[in-house]
Amino acid sequence: MYPAERHKWLIDTARETGRVSVAEASTALGVVPETIRRDLDQLCNQKMLRRVHGGAIPIEFDLLGDQPLATRDSSAVTQKEQIARAALSHLPSDKGSIILDAGSTTGRLASIMPSTRRFTVFTNSSPIASTVATHSNCDVHLLGGRLRPTTQATVGNVDAISRLRVDVAFMGTNGISPTHGLSTPDADEVATKAAMVASAHHVVVLADSRKMGAESTMRFAELGDVDVIITDSGVTPHQVDMLHKAGVEIVIA
């Protein structure tokens, strides 16, 4: 196999599964581990992959950390708008109750909530609370707690959330992985997100395809805790198959 063919295999594998390991690539491609390490170093120098212990991950995963809300809100705009529109069909009947998790994609859903329908909305995002209150007929409850400047999310509110029971929770995430579930980097937000998931009859995750295969530091839910994942057409067939095997419904916006 020529180097260019190996490089394509390494990049495709990393994007489809979220990670490519030196050991697995060495076995699959029939070359010594040192060759794979050199290939990965070269691809990382070209900013095609990002080196991690034992292998590499897609370069775009490096952008999925604890970024400011304004930074995340300006990325993958078209995909997030499509995902938000697809999420409208998962709203409950009138006078139902929902949770809107803090985030840039859930924020887009907040901005297109139908003005003719009325829901009880709980959110840990001050921007989302303001958007829904201004542009809809919903009864809005902003969950209190400490406000994180980076994400504009309130945290330290697990006790209050644990007393809720809502029809649908619309959740954001930094990563979705078959082995690590849904994850995010901040421990306080992990606790809030986990409480939100536990409080809902139906859990809908809004996540653009860059999140597929990504693993952030801390898990807040297993894939089995999720009913639906709404993503964009950048998701690969392999990723869709893995999520279906985990029992999750996939909607491609």
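How much area is buried between domain 1 and domain 2, and what share of it do carbon and sulfur atoms give? The buried area, meaning the accessible area (1.4 Å probe) that two parts lose on being put together, summed over both, is about 510 Å², and carbon and sulfur atoms give 60% of it. On the side of domain 1 that touches domain 2, the residues divide into one nonpolar, two polar and two charged.

This is a predicted model, in which local features need pLDDT of at least 70 and side-chain atom pairs count only at pLDDT 80 or more, while totals for chains, interfaces and linings use all residues. Residues are numbered from 1 along each chain as its sequence is written, and side-chain values use heavy atoms, with hydrogens and water left out.

The domain assignment, which is automatic or taken from a database, gives domain 1 as 1–61 and domain 2 as 67–250. Their C-alpha centres lie 32 Å apart, and the contact (heavy atoms within 4.5 Å) takes these residues from each domain:

| Domain | Residues in the contact |
|---|---|
| domain 1 | five residues |
| domain 2 | eight residues |

Between the two domains the count is zero salt bridges, a salt bridge being a side-chain nitrogen of Lys or Arg within 4 Å of a carboxyl oxygen of Asp or Glu.

Turning to the rings, the charged end of Lys193 sits over the ring of Phe220, 5.2 Å from its centre, where the rule asks for NZ of Lys or CZ of Arg within 6 Å of the ring centre and within 35 degrees of the ring normal.

Technical notes
Ala, Val, Leu, Ile, Met, Phe, Trp, Tyr, Cys and Pro count as nonpolar, Asp, Glu, Lys and Arg as charged, and the others, Gly among them, as polar.
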